[in-house]
2 protein chains.
Amino acid sequence: MTEAGTRRRGRGGGGAARRAERTSVRIEAARFIERNIPNFEILNEEALQIIETNAETVLEEIGVNFVENPEALERWRAAGADVQGERVHIPRGLARELCSTAPGRFTQHARNPERNVEIGGNSLVLAPVYGPPFVRDLDGNRRYATLSDFHDLVKLGYMSKWLHHSGGTVCEPTDVAVNKRHLDMIQAHMTLSDKPFMGSVTEPSRAQDSVDMCEILFGKDFVQQNTVMTSLININSPLTFDATMMGALEVYAANNQACIVSPFIVGGAMAPVSVAGTLTQVLAEGLAGIAYSQLVRKGAPVIMGAFVTSIDMNSGAPTFGTPEASQITYGMGQLARRLGLPYRSAGSFCGSKLPDAQAAYETANSLNVGLMSGVNFMLHACGWLEGGLVSDIRKFVMDADQLGVLHGLAKGVAVDEDAQAMDAIREVGPGGHYLGCAHTQANFKTAFWRSQLLDYKPFETWAEEGARDTLTLATERARKLLNDYQQPAMDPAVSEALDAFVAERKASMPDSFS
Amino acid sequence: MTEAGTRRRGRGGGGAARRAERTSVRIEAARFIERNIPNFEILNEEALQIIETNAETVLEEIGVNFVENPEALERWRAAGADVQGERVHIPRGLARELCSTAPGRFTQHARNPERNVEIGGNSLVLAPVYGPPFVRDLDGNRRYATLSDFHDLVKLGYMSKWLHHSGGTVCEPTDVAVNKRHLDMIQAHMTLSDKPFMGSVTEPSRAQDSVDMCEILFGKDFVQQNTVMTSLININSPLTFDATMMGALEVYAANNQACIVSPFIVGGAMAPVSVAGTLTQVLAEGLAGIAYSQLVRKGAPVIMGAFVTSIDMNSGAPTFGTPEASQITYGMGQLARRLGLPYRSAGSFCGSKLPDAQAAYETANSLNVGLMSGVNFMLHACGWLEGGLVSDIRKFVMDADQLGVLHGLAKGVAVDEDAQAMDAIREVGPGGHYLGCAHTQANFKTAFWRSQLLDYKPFETWAEEGARDTLTLATERARKLLNDYQQPAMDPAVSEALDAFVAERKASMPDSFS
């Protein structure tokens with residue numbers, strides 16, 4: 001853990017240093033998680049082999065569609081696939097072989113090097129909610145999201161100790177033209193936070209804008225040699241790769257920037273109702289998408305993604321925190337590890353309309369599974385509400401606090417001599433108590449994870465202080481964090497160059513809202 | 001799964017059958033969980049051996065106290081322990097050897113044989129909250145619990161599909177004299193439910209009353225040959241066994257009834273602040289207690305318990321759903337399995353004062369760990385609030401619904417031909433959808449777990465229907481369950497004999513409220 005505050009004071013010169021001193025807001029940021037615990041393996045070897053064999057059958061016999069993308073079809077043909085129309089039949093083993101050139105672990109750089117993250121291996125990087133057109137604000141109102149909400153969410157992400165990544169579309173800034181909002185979003189991540197972030201994927205040209213802006217921020221050479229974005233490429237399940245998403249992937253892969261190649265599946269609608277069937281399809285789709293990234297540029301960093309929920313057959317709505325989603329998340333973790341690929345899944349998923357107990361049960365179910373299934377990149381790790389339609393600002397703060405539980409659990413169990421505590425047990429003996437003993441005094445500050453949000457007070461104290469529920473505490477904490485927020489320092493020349501780029505790009509095209 | 005309703009109709013004769021037909025309330029009750037998934041192993045072999053070696057050192061060098069219990073000291077002396085005053089030093093290996101006569105798995109019988117549970121091996125039996133002096137009622141009021149609340153909680157437990165066990169002190173009926181309330185509690189479990197239950201442990205004589213009442217319900221011979229109660233024996237941590245609890249254990253073990261031998265530990269107060277140190281102490285205490293049960297009666301059924309929370313060093317309050325508690329729960333599961341003993345831990349633990357998001361996060365963390373750590377008997381699986389001071393009637397219903405998630409996850413992943421769903425993937429193909437395909441039609445009813453409580457509706461429908469939050473839904477569900485409740489039939493002679501026993505015992509002593 002480090003203090004961005006300290007760093008900022010060091011950088012920002014006399015005036016900034018004095019301001020920082022006066023307010024003395026300390027920003028703590030935890031390093032990404034490196035698991036010191038095993039992964040949970042729900043599938044046995046036989047089940048894994050059946051699913052892997054079936055996925056190869058799907059790729060070979062059924063094939064996948066690359067839609068309106070003649071260049072992709074040409075790449076596949078050249079690689080040895082049997083292309084018929086837009087359908088690509090991938091011979092058994094080819095996709096897996098192509099995937100083998102993707103790195104098992106890579107660094108995504110942040111403008112503050114202390115915020116760099118490693119994605120892959122035993123790491124777990126936590127990034128916030130992505131994509132909702134609505135917010136529920138601090139007054140509990142549900143409304144279309146604006147750029148101002150976007151800024152607030154980026155600031156809260158920056159202030160959240162357990163969040164390693166600033167994310168991407170933390171909400172849709174619907175008050176900005178569709179064809180220009182990506183510029184404001186990227187600029188906000190770059191200037192309001194110093195954590196790593198995601199690029200735009202809604203058009204290949206917007207992916208290129210994202211790369212261009214990174215070249216301003218990091219320098220052109222640095223971007224060509226390093227990964228500075230991890231962007232979300234959704235597969236159009238079942239088995240379809242559309243031109244927009246693949247166009248964005250082509251831009252990123254060509255520039256050595258990372259993509260999450262991820263089916264977006266509501267089980268029973270976009271995949272079979274069974275866990276094994278869904279795993280088969282998700283694996284086939286991931287293999288095809290990641291293989292394609294390697295056809296664009298061998299060695300391009302990628303992440304095997306699995307966004308999978310089940311469906312409520314009564315209402316047709318997606319459901320979250322369910323056992324079948326957990327089983328798929330565990331299984332895909334095993335399948336990704338057998339491919340040697342970084343893995344993205346899980347998040348603060350819930351179907352609840354409110355940040356209430358339902359939301360918390362469902363979210364905790366998914367967060368726990370995310371840690372235990374070996375997820376390396378957890379998008380939507382905080383702030384998700386209502387099946388992803390809403391970014392909830394209070395739930396963002398509530399979930400972000402719970403991410404501390406994952407950090408604590410991932411540490412594993414120390415068994416060194418101090419941790420064995422035999423002297424303490426001897427000192428205290430039968431019938432004594434440990435509060436005052438030497439071992440407790442030496443260790444109590446770091447022994448137990450502690451929420452920065454939840455209430456631990458005795459009933460009487462809690463009642464005297466106004467009997468606040470979790471939502472009330474979260475509202476107060478979010479307001480305080482936003483009030484305490486100080487923008488991380490940035491070279492004024494870089495800041496001006498970003499302004500100029502955004503202004504120039506916005507001026508180059510009329511507003512479009514579709 | 002079976003229908004008690006159907007069974008009742010079969011039993012109850014014409015009038016009851018017609019009443020059941022009219023109301024057509026179907027009581028579904030799931031069978032206890034048999035895990036088809038692996039356990040999560042957080043400790044490696046080296047760590048396990050260190051902790052086991054240290055636990056033996058604790059037993060031999062430090063020893064344990066058996067307080068005011070000369071008979072226990074005599075038993076230990078005869079078994080080869082070094083007894084000095086009330087301190088029992090147990091030679092390395094002796095406790096483990098004595099534990100080896102305890103069964104690895106046993107059946108607890110219910111008066112309805114369909115509700116029998118197996119405890120041990122890969123089973124998980126879910127029982128409700130135990131012990132709170134307060135309730136939060138359906139109007140959200142926090143007050144001292146009464147026998148009427150106790151009855152409501154037993155009825156809700158009987159009506160809860162995912163709850164296998166009626167539990168014990170689901171709340172303290174504080175309006176009944178302390179020395180008589182156990183009679184009302186046991187009678188309520190026996191008559192208002194047909195699920196298995198727990199006996200009284202607050203005095204050896206009350207344990208004997210529990211056995212005597214079971215002899216009325218099940219028959220004297222049956223009780224001597226079968227286990228019909230699983231009762232909670234707390235160890236007075238650190239390393240102390242008091243005469244009351246041991247007296248109750250002696251009654252139960254002598255009658256071949258099961259005891260959970262369980263330290264009750266707030267880490268940092270009753271055990272070291274470190275996970276490894278706490279595991280060492282919990283293992284030592286469990287070994288000593290279970291060994292003692294086998295000195296009373298070789299082969300008596302027992303469960304290795306671990307109730308462990310961490311402490312908030314700011315307020316001194318116990319905290320729940322924390323990573324350290326999870327690590328201990330996982331670790332003790334491994335240690336219990338290495339002893340071949342059934343394991344009790346986890347529950348709907350939370351420190352929240354309200355059944356809100358904090359309560360749900362903390363509860364879900366603990367429930368998930370309970371499943372994954374190989375717990376065989378989960379006491380407090382629903383309804384716990386405020387660090388165990390409160391039985392919350394709405395949270396009882398909320399948590400009981402979430403127990404369905406554990407059932408679904410524990411099933412594991414089928415990979416038979418139907419589950420592989422290759423025909424479905426072929427039928428649908430790229431760009432299609434699965435809602436109408438043959439495989440979906442054949443499987444959708446059972447494919448996905450579905451909450452009976454939480455809201456899955458689209459926002460607009462939900463808003464039109466009153467924008468109900470989880471608490472509102474739980475209030476409505478609890479009221480409906482209590483309204484629909486029908487007492488399971490009982491032989492009137494048994495019922496009258498229980499009435500007579502309770503009346504006779506109550507008349508035999510003056511009320512005591514301490």
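This is a predicted model: local features need pLDDT of at least 70, side-chain atom pairs count only at pLDDT 80 or more; totals for chains, interfaces and linings use all residues.
Let me start with an open sheet in chain A, which has 4 strands in the order β11-β10-β21-β20 with mixed pairing, where strands are DSSP runs of E of at least two residues, helices are runs of H or I of at least four residues, and both are numbered from the N terminus. Two strands count as paired if DSSP finds at least two bridges between them. At the edges of this sheet stand β11 (142-144) and β20 (384-385) of chain A, each with a single partner strand, so one side of each is left without a neighbour in the sheet.

Residues are numbered from 1 along each chain as its sequence is written, chains are lettered from A and ligands numbered from 1 in the order in which they are written, and side-chain values use heavy atoms, with hydrogens and water left out.

Coming back to the sheet, β20(A) is joined by 2 bridges to strand β21 (residues 390-392) of chain A, and the two run antiparallel; the bridge partner of A:W384 in β21(A) is A:S391. Helix α14 (residues 393-410) of chain A packs on this sheet, touching β10 (134-136), β20 and β21 of chain A, and its direction makes about 60 degrees with that of β21(A). Contact here means heavy atoms within 4.5 Å, and the angle is taken between N-to-C directions on a scale from 0 to 180 degrees, with axes as lines fitted to C-alpha atoms, for helices over the stretch in contact.

Now to chain B, where another open sheet of 4 strands has the order β5-β6-β4-β13, again with mixed pairing. Here β5 (82-84) and β13 (240-241) of chain B are the edge strands, and because each has a single partner strand, one side of each is left without a neighbour in the sheet. Strand β4 (residues 64-66) and strand β6 (residues 87-89) of chain B run antiparallel and are joined by 2 bridges, with B:N65 opposite B:R87 in β6(B). Helix α2 (residues 45-62) of chain B packs on the sheet by touching β4 and β6 of chain B, and its direction makes about 125 degrees with that of β6(B).

Strand β3 (residues 33-34) of chain B pairs with β9(B) in the antiparallel sense over 2 bridges, B:I33 having B:L124 as its bridge partner. With strand β19 (residues 377-378) of chain B, β9(B) pairs in the parallel sense over 2 bridges, and there B:L126 stands opposite B:M378.

Let me turn to two single residues. B:T309 lies in strand β16 (residues 307-311) of chain B and counts as buried at 3% relative accessibility. Leaving aside neighbours within four places in sequence, B:T309 is in contact with several residues, including B:I265, B:P318 and B:F320. A:N255 is found in the loop between α10 (243-254) and β14 (258-266) of chain A, and at 12% relative accessibility A:N255 counts as buried.

Finally, how are the two chains related? Chain B can be laid on chain A with an RMSD of 0.0 Å by a turn of 180 degrees and a shift of 0.0 Å along the axis, which is the relation of a two-fold axis; the superposition is by least squares on the C-alpha atoms of residues with pLDDT of at least 70 in both copies. In chain B, the C-alpha nearest the axis is that of B:A357, 2.2 Å from it.

Note on methods. Buried means under 20% relative accessible area, exposed over 50%, partly exposed in between (1.4 Å probe, protein chains only).
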